Amino acid sequence: ELKLGGGYMFGQGRFKPYLSVSGYIGYLLKANQRVNNEDFDIINTQSLQKIDYGIIGSPGVQITLSDEISAYTQFSYLMGLQNIETDDNGQKASNVAYMLTLGIAFSIQ
């Protein structure tokens, strides 16, 4: 997977909201599916595309606790632009994910 993006952090105080947007492209190496105790290699059945690409939007907020430590929370929405699975009726599955990140960042000076 390869990602490229940018963002902007608002505010100069302890409470800093931010927004980042990035694009990604990924390559599927392996895809196995198990149905009723039978394994299927769904890449060989050509049910899946090997390449997926999309965008990720991530609003968040960083709170400065001290000069060296800050805490942050971020919500991310991933939207795949390549529908990766199709069935015999022509229906396509979309590629969407939601993520929540909580973290602590340390500054080394």
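I take helices (H or I, at least four residues) and strands (E, at least two) as DSSP runs, numbered from the N terminus. I am working from a predicted model, in which local features need pLDDT of at least 70 and side-chain atom pairs count only at pLDDT 80 or more, while totals for chains, interfaces and linings use all residues. I number residues from 1 along each chain as its sequence is written, and side-chain values use heavy atoms, with hydrogens and water left out.

Entry on the whole chain. I looked up the elements and found zero helices and nine strands, so that my list from the N terminus on reads β-β-β-β-β-β-β-β-β. The C-alpha trace spans about 55 × 25 × 20 Å along its principal axes. Buried residues make up 20% of the 109 residues, where buried means under 20% relative accessible area, exposed over 50%, and partly exposed in between (1.4 Å probe, protein chains only).

I then turned to strand 3 (residues 32–35) and strand 4 (residues 38–41), which run antiparallel and are joined by four bridges; two strands pair if DSSP finds at least two bridges between them. Within this pair, Val 35 stands opposite Glu 38 of strand 4, and two residues lie between the strands of the hairpin.

Which residues did I find in the loop between strand 3 and strand 4? I found Asn 36 there, and Asn 37 lies in that loop as well. Asn 36 has a positive phi of about 50° although it is not a glycine, and for Asn 37 I noted a phi near 60°, again a positive value in a residue other than glycine. I set beside this that most residues other than glycine have a negative phi.

Are Asn 36 and Asn 37 buried or exposed? Asn 36 counts as exposed because its relative accessibility is 70%, and Asn 37 counts as exposed because its value is 69%.

Entry on Asn 32. This residue lies in strand 3, and, leaving aside its neighbours within four places in sequence, I found Asn 32 in contact (heavy atoms within 4.5 Å) with Phe 40 and Asp 41. I also looked up Asn 44, 12 residues apart from Asn 32 along the chain, and the C-alpha atoms of the two are separated by 9.9 Å.
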